[in-house]
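The reader may wish to keep the structure in view throughout.

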Amino acid sequence: MSFLTSLFGKNPPEPDQAPEDPQNPGTPVEDPAEPEPPIEDPQPAAPPVEEPAKRSSLLDRLKQGIQKTRAGLVEHIEDLVQGKKQIDADLLEELEYTLISADIGIRTTTEILERIRQRVDRKLVSDSTELKSLIKQHLLEVLQATERPAVKPAAPPTVEMIVGVNGVGKTTTIGKLAQLYRADKKSVLLCAADTFRAAAIEQLEVWGERTGVEVIRQKQGADPSAVLFDALQAAKARSVDYVIIDTAGRLHNKANLMGELDKMRRTATRVIEDAPHEVLLVLDATTGQNGLEQARKFTETSGVTGIILTKLDGTAKGGVVIAIARELNLPIRYVGVGEQAADLLPFDPEKFIDSLFD
Ligand SMILES: Nc1nc2c(ncn2[C@@H]2O[C@H](COP(=O)(O)OP(=O)(O)OP(=O)(O)O)[C@@H](O)[C@H]2O)c(=O)[nH]1
Ligand SMILES: [Mg+2]
């Protein structure tokens, strides 16, 4: 996928206010088979405005974005092993502490330590360079084990639903995704199915304008499934390549709200048999291990097919990417490394681990 530089130097829209918990969306849920009046035929999306590449390369962006994690994890490991002649119990203990502090997760940390001990015993590893590459190799294997090819629809559009708790970066990520797809010369339609939070629709529309992509909307309080129905019909009629659906932030333990997501998925299937093709769960990397419990609930109930990890730029605990992939057995699809349109990177285990270690 080609990497487009930032279209505009502007900042992305501020979330207008602190996110609310949409526990009781006021409007009664209607059958989406009876959609609201048909929406007007949208204009074809404007071509993306390409500016001279001022921003750094994809790899540089990644390196910059995970700088804090690199400092917290890899530089720490380097400090630990530097000048050490032998790998002893003290060193292993400190190593364990470092791995756990970077939020890699107990399971993976234990495995790594076990692997090192065995190799030390069998004299297969003796110095710090080998130790570092052993850790690197293990982390890469964990990420590679969850890799899966992107889902291909029987016919366009590819329908992607974006879900997650409040404020994790769903809407911003949708703007960034639209930008990526447009840069790849794909046509995109956004669906404003967060009809709950005040100004959520307008926030998505700002991203629509910014990326030259149409937004299908109804009024605030409308049934999200009805907006979804409209969007998919429009997308199908126009053979759009991608439909990206914004959903309201919701708590994973609110059964009625999780039920709403289920209804949206069923609605999608009614319009396009194999849709939604992806249900992408957005997780905020700064919440570290705490995000895992919500993620588990979402994956159990909402058919999540992949993870987008946002705000990696703001944490030294980016090792959580390993714990998430491992515990949920789901591929990480993208990582967010900033607030700008170009700050979403397709996730590649090898590039990620290389950027962290080299
Ligand atoms: N630093 C950084 N900030 C991000 C990133 N992704 C999103 N944000 C910021 O996170 C905040 C919340 O983003 P939104 O996109 O509104 O989050 P949301 O999940 O749609 O929120 P609700 O719709 O209220 O549930 C905004 O200030 C974004 O700019 C990222 O990768 N890095
Ligand atoms: Mg939102």
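**A strand and its sheet**

In this predicted model, seven of the seven residues of strand β5 are buried, so β5 is largely enclosed by the rest of the structure. In a regular strand the side chains alternate between the two faces of the sheet. Both faces of β5 are covered: Glu278, Leu280, Val282 and Asp284 are buried on one side, and Val279, Leu281 and Leu283 on the other.

The setting of β5 is an open sheet of eight strands with mixed pairing, ordered β3-β2-β4-β1-β5-β6-β7-β8. At the edges stand β3 (214–216) and β8 (344–346), each of which has a single partner strand, so one side of each is left without a neighbour in the sheet. On average, neighbouring strands of this sheet are turned by 25° against each other, direction ignored.

Strand β1 (residues 158–163) runs parallel to β5 (residues 278–284) and is joined to it by four bridges. Glu160 has Glu278 in β5 as its bridge partner, while Val163 stands opposite Leu281. Between β5 and β6 the chain passes through helix α10 (residues 291–302), in a β-α-β crossover that is right-handed.

Helices also pack on this sheet. Helix α8 (residues 224–238) lies across β1, β2 (188–193), β3 and β4 (242–247), and runs at about 165° to β2. Helix α11 (residues 320–328) touches β5, β6 (306–310) and β7 (332–336), its direction making about 160° with that of β6.

Definitions and conventions: Residues are numbered from 1 along each chain as its sequence is written. Chains are lettered from A and ligands numbered from 1 in the order in which they are written. This is a predicted model: local features need pLDDT of at least 70, side-chain atom pairs count only at pLDDT 80 or more; totals for chains, interfaces and linings use all residues. Two strands pair if DSSP finds at least two bridges between them. Helices (H or I, at least four residues) and strands (E, at least two) are DSSP runs, numbered from the N terminus. Axes are lines fitted to C-alpha atoms, for helices over the stretch in contact, and angles run from 0 to 180 degrees between N-to-C directions. Two residues are in contact if their C-beta atoms, placed from the backbone, lie within 7 Å. A residue is buried if 20 or more other C-beta atoms lie within 10 Å of its own, exposed if 12 or fewer, and partly exposed in between; C-beta atoms are placed from the backbone. A crossover is right-handed if, with the strands pointing away from the viewer, the path from the first strand over the helix to the second runs clockwise.
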